Amino acid sequence: LHKTMYVLFLLFQILGAVILGFGIWILADKTSFIAVLQMSSPSLKTGAYILIGVGALTMLMGFLGCLGAVNEIRCLLGLYFTCLMIILLAQIAAALVIYFQKETLKDELSNIVVDLIENYDPSDEDKRNLQDAWDYVQIQIACCGWTGAKEWENNEILKNKSNTEYPCSCSNRSKDLVEGRGFCNLEDPVNGTATHADWPVHEQGCMDGVEEWLKDNLGIILGVCSGVAVIELLGMILSISLCKNIHSEDYTKVPKS
């Protein structure tokens with residue numbers, strides 16, 4: 001039983017480090033769709049800080065649990081069990097919130113991207129990282145806008161130029177992707193105001209690509225979450241068992257009158 005506990009405590013150290021690293025990666029990432037979200041949505045930033053806190057707490061609990069098992073300290077094992085239960089309940093609550101609020105989250109995500117597109121300005125250095133992250137997404141997924149290229153017609157700069165320019169990162173021509181950011185000029189002159197139909201860009205919106213990525217990786221995400229939950233349940237069961245063993249041993253040591 002003690003050896004099994006040591007293995008679980010080691011797993012919790014690794015698990016805590018992975019969760020901590022994932023939270024740090026969300027905050028540090030500057031070139032992917034995650035970057036667009038964390039720079040635009042306070043909720044994702046909060047989630048990243050929560051992950052960092054949970055990761056650090058998991059590593060601390062692994063250390064305290066190991067210390068409690070080695071020295072047979074019941075209060076540490078009890079604390080270990082309590083913290084594991086809180087973390088597990090928090091994970092279940094978070095999963096339920098995401099499941100029941102998925103449409104709300106989808107709308108929030110759509111609003112973030114649409115606002116970014118409408119206010120996209122290559123000369124704005126304050127938003128450079130956010131805009132570069134979105135350009136990266138459009139290039140990697142080979143998409144344009146959130147639901148389609150038409151959304152870019154609402155960009156303030158492009159409207160002022162009668163849409164005779166288009167976002168380079170949306171282009172289906174390799175020479176436009178060398179720069180990969182900002183706006184490119186239409187080569188063929190257009191009489192009057194141009195539309196997205198005149199642009200050499202991808203018609204598919206990025207929403208479909210992001211949803212496809214989530215579907216492709218959903219199995220992995222669910223598998224990892226299930227594995228974490230199983231490890232936590234085993235840790236709770238074994239810590240309680242060890243507590244009972246220590247309690248029983250304490251009684252056997254009491255001298256009979």
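This is a predicted model: local features need pLDDT of at least 70, side-chain atom pairs count only at pLDDT 80 or more; totals for chains, interfaces and linings use all residues.

Modeller: Let's start with helix α4, which covers residues 74-100, 27 residues in total. From first C-alpha to last α4 reaches 39 Å, close to the 39 Å expected at 1.5 Å a residue. Its buried residues are L76, L77, Y80, C83, L84, I87 and L88.

Now for the packing. The largest nonpolar core has 26 residues, and W134, C144, W146, W152, Y166, W199 and V201 have the most contacts inside it. At least two residues of this core come from each of α5 (102-118), α6 (128-141), β2 (183-185) and α8 (206-252). The largest share, four residues, is supplied by α5.

Setting aside residues up to four places away in sequence, Y166 touches L158, S171, R173, D176, G182, F183, C184, N185, L186, W199, P200 and V201.

One last stop is R181, in the loop between β1 (165-167) and β2. Its relative accessible area is 12%, under the 20% cut-off, so R181 counts as buried. The R181 side chain makes a polar contact of 2.7 Å with the side chain of D132. Beyond its neighbours within four places in sequence, R181 is in contact with D132 as well as Y120, P122, R128, Q131, D135 and C168.

Technical notes
Residues are numbered from 1 along each chain as its sequence is written. Side-chain values use heavy atoms; hydrogens and water are left out. A nonpolar core is a set of buried Ala, Val, Leu, Ile, Met, Phe, Trp, Tyr and Cys residues joined through side-chain atoms within 4.5 Å. Buried means under 20% relative accessible area, exposed over 50%, partly exposed in between (1.4 Å probe, protein chains only). Contact means heavy atoms within 4.5 Å. A polar contact is a pair of N or O atoms within 3.5 Å; within protein, one must be able to donate a hydrogen and the other to accept it, and residues adjacent in sequence count only if both atoms are side-chain atoms. The expected span of a helix is 1.5 Å times one less than its number of residues.
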